[in-house]
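The following paragraphs lead through selected parts of a protein model. Please keep the sequence and the structure in view while reading.

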Amino acid sequence: MKKPAIPKTKTLVRFDKVDVSSRFDDVYEVIRPDEMSHFQKVGTTFHIASANGVELRIDVHSDAVFRIRYKARGEWQPDFSYAIDPGYSPKGPKTCQLEEKEDYLEIITEELRCRIMRNRLKVHFYNAAGKSLVKDKKGYRAYSTILSGMSDVSVEKKLDKSTSYFGLGDKSGPLKLNGRKYENWNTDAFAYGNDTDPLYKSIPFTVGHKKGRWFGLFFDNSYRSWFDFGKGKSGRFRFGAGGGEINYYFFSGNDSQDVAKTYARLTGKPELPAMWMLGFHQCRWSYYPESRVMEVAEEFRKRKIPCDAIYLDIDYMDGYRCFTWNDMLFPDPKGMIHRLEDKGFRTVVMIDPGLKVDPTYKVYTEGLEKDYFCRRTDGELMMGPVWPDNCVFPDFTKPEVRRWWGGLYRELYEEHGVHGFWNDMNEPAVFKVNHKTFPDAVRHEYDGHPTDHRKGHNIYGQQMVRATQDGLKRIKPDNRPLVITRATYAGGQRFSFGWTGDNIASWEHLKLASTQCQRMSLSGFSLIGSDIGGFVDVPDPELMVRWTQLGAFHPFFRIHSMGNNVDGAAGTDADAIKEEEKVNRLDQEPWSFGKEAEAGIRSAIEFRYQLLPYLYTLCHKLSQDGSPVMRSLVLENPDDPRYKDWEEAFFSGEQLLVFPICQPGVRDMALPLPSGEWYDYHTGEKVKLKKGYILHSAEADKLPVFARAGAIIPNYPVRQSTLDSQAEKLILHAFYAKEAAISELFEDEGDGYKYQKNGYLLRAFRQEGNGESWMLRQEREGNYQEPYEKTALILHGLPFKPQAVEVDGKSISFKYSKEGVLTCEIPGKFKFVEVKK
């Protein structure tokens with residue numbers, strides 16, 4: 001019998017509006033919905049089907065939140081997500097109407113209109129007034145093969161010229177995403193550049209702006225995903241993934257903050273960090289032996305540079321075995337940690353997921369016996385090199401593995417007294433292969449929904465830090481745990497801090513440090529920072545100072561570098577390295593750049609410690625409603641051309657506006673300020689705009705920072721460590737405004753969970769001026785008693801010469817300068833202060 005000829009070109013067959021392509025090695029289908037055949041409304045859920053069997057499901061979670069799912073064929077996938085907060089519960093819309101039209105169905109709530117076209121089940125969104133937000137262009141498409149199954153799903157929408165997109169979490173490049181394409185696949189991106197993609201974290205969430213209208217789109221799919229904002233073809237916005245299903249949330253908001261808070265309600269919020277976690281932290285690869293660690297600590301106190309934590313990188317371990325100590329380098333770790341504590345330092349150590357294959361290593365043998373490590377699809381253990389030459393990797397998608405992993409911290413955390421843990425290399429990274437990670441054919445339990453690494457890769461680091469946080473909470477339930485991660489997925493903000501990975505000591509990366517942290521903050525992950533000064537290479541003194549000044553506004557405030565690490569044998573199985581051979585050639589401590597730079601770095605760190613009550617209050621608000629700690633100036637109005645050259649500028653909370661200096665030798669700057677009245681935060685002087693700009697002279701020892709009129713910014717006196725003592729005084733910097741304005745201050749013990757049981761103090765300060773007087777009122781909530789009795793009030797911009805100051809009706813003494821600054825001391829529990837002309 002004659003064999004059929006192998007086709008030289010593919011043959012397309014049209015079958016029920018499904019493209020079927022035949023090849024000798026495989027057959028694939030391109031599946032798109034055709035005409036709507038029927039629909040059903042069940043409560044606030046809408047089931048819609050096409051004639052060729054494609055199904056669309058729309059769940060209306062609230063007036064402003066819609067969930068969209070498509071199914072090409074077969075069964076719906078299990079409704080399971082690591083991204084969605086387990087505590088999230090749709091509140092339901094106030095109203096939800098369905099209107100049937102000739103060409104479409106329309107779901108109408110108080111805030112959104114969702115139009116489903118009868119042709120191809122395309123989905124269009126409009127605001128309540130009927131103004132377009134985003135429309136499908138070609139809509140849904142799925143790509144399936146016999147050998148690989150569903151291997152590509154995507155949605156194509158129209159990209160209007162008037163629409164700007166932002167977000168996506170851990171990305172380099174410009175804040176505005178238009179004209180670019182990005183991939184989400186957690187990657188060990190050592191020494192990444194401005195155009196490197198992908199990076200360490202995958203957060204498939206974007207924020208859109210169109211003519212004053214804001215919306216968000218979160219694509220909850222943990223496979224390798226991508227977003228194309230018009231790079232492949234202008235006029236189209238496409239997103240998709242290499243497997244799974246189209247499952248996205250669409251929501252609207254009044255501004256970018258509103259959209260970000262809705263995303264936080266979906267994916268969760270971090271708990272309030274302990275105060276010390278917001279202090280300054282010092283790290284390098286690596287500090288050892290013990291004498292070197294103590295030397296660094298002594299130097300901080302000797303030079304009076306505030307610092308709350310010192311980090312130990314991989315070389316503290318015995319041959320890179322996690323949860324162990326190198327006894328030659330650290331013969332008494334518990335004693336060392338206590339001595340550091342006595343000096344006001346916490347100790348943070350690194351833990352990686354790659355566990356050394358060693359039959360004498362208890363963690364390895366125990367995990368092997370219990371079958372806790374990842375296996376290839378044929379059952380073979382997944383082994384690969386990281387720091388040890390051969391490692392196994394826990395499957396953190398098994399609940400029993402997470403519990404086991406969390407328990408491994410007990411000796412370090414409880415017995416030795418380590419204060420925090422830094423989970424690195426958890427993309428997961430694998431050395432010596434171009435792929436940089438596991439192969440696809442590795443199994444993951446996925447909490448009862450078994451899958452392979454294509455789906456498990458992006459959530460690996462997230463589930464690792466989840467296991468770490470859970471374990472630390474079980475071991476010390478009265479302490480807030482510090483966990484820091486390099487890799488994560490959407491929702492990972494519930495479990496840890498993060499940093500932006502292995503950056504470079506360059507001015508370009510200084511700007512990247514600002515834009516990356518802004519983008520992460522918009523994407524739900526505000527507890528973020530960069531390796532100050534750059535991990536790779538050595539910064540010059542000016543760069544180091546400017547970077548520390550920027551870092552003072554990032555919640556995670558840490559210097560870290562690879563320190564030209566040539567001590568390669570440290571932590572290996574070779575003989576212990578003699579102490580005199582451990583010469584770390586290029587350090588990055590604050591005093592490593594000369595006296596002038598040291599003074600500038602010290603000043604920036606002291607500024608951070610003064611701002612701690614303000615930042616702590618922002619973190620409390622973040623933990624309550626998801627308000628980003630940082631917000632890009634560009635997001636004030638993406639259509640304002642003044643902001644396009646100032647992507648590095650950002651708001652810290654709502655009341656401070658920060659302009660990082662990201663070029664060397666800057667002297668004079670023309671800075672765009674939003675509408676309203678502003679003050680120079682450092683001088684207290686009211687600024688005067690000329691055509692929307694202020695001409696500002698750059699100073700070496702500080703960044704340009706502006707306070708919004710009406711703001712009250714709380715300060716503490718500088719302390720060398722938050723362990724030293726509680727703040728002895730509160731300083732309120734008030735910036736005069738005629739309009740009423742409210743500021744808040746949150747205080748508690750700084751650690752523990754008493755604040756969840758009324759052991760906190762939340763104060764609302766309301767100020768208002770009228771040209772004849774100025775009033776400040778205080779409302780107090782909670783049972784925490786502040787440790788100080790007196791509060792210093794510094795009022796800037798008072799437009800009249802005061803004759804009297806009264807506190808709760810009683811006159812007090814005050815000072816007034818010709819620059820319009822009034823200072824006085826008031827009791828902390830005042831009800832109202834009045835300044836009279």
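Helices (H or I, at least four residues) and strands (E, at least two) are DSSP runs, numbered from the N terminus. This is a predicted model, in which local features need pLDDT of at least 70, side-chain atom pairs count only at pLDDT 80 or more, and totals for chains, interfaces and linings use all residues. Residues are numbered from 1 along each chain as its sequence is written, and side-chain values use heavy atoms, with hydrogens and water left out.

Just after helix 12, Gly 626 adopts a positive phi of about 80 degrees. The expected span of a helix is 1.5 Å times one less than its number of residues; for the 14 residues of helix 12 (residues 612–625) this gives 20 Å, which agrees with the 20 Å between its end C-alpha atoms.

How many of the 14 residues of helix 12 are buried? Eleven are buried, where buried means under 20% relative accessible area, exposed over 50% and partly exposed in between (1.4 Å probe, protein chains only). Among them are Leu 612, Tyr 616, Cys 619 and His 620. The elements that cover these buried residues include helix 11 (595–610), strand 37 (650–652), strand 38 (656–658), strand 43 and strand 45 (741–747), contact meaning heavy atoms within 4.5 Å.

Strand 43 (residues 712–715) is itself covered on both faces: Ile 712 and Pro 714 are buried on one side, Ile 713 and Asn 715 on the other. Strand 43 pairs with strand 44 (residues 730–735) in the antiparallel sense over four bridges; two strands pair if DSSP finds at least two bridges between them. In this pairing, Ile 712 stands opposite Ala 734 of strand 44.
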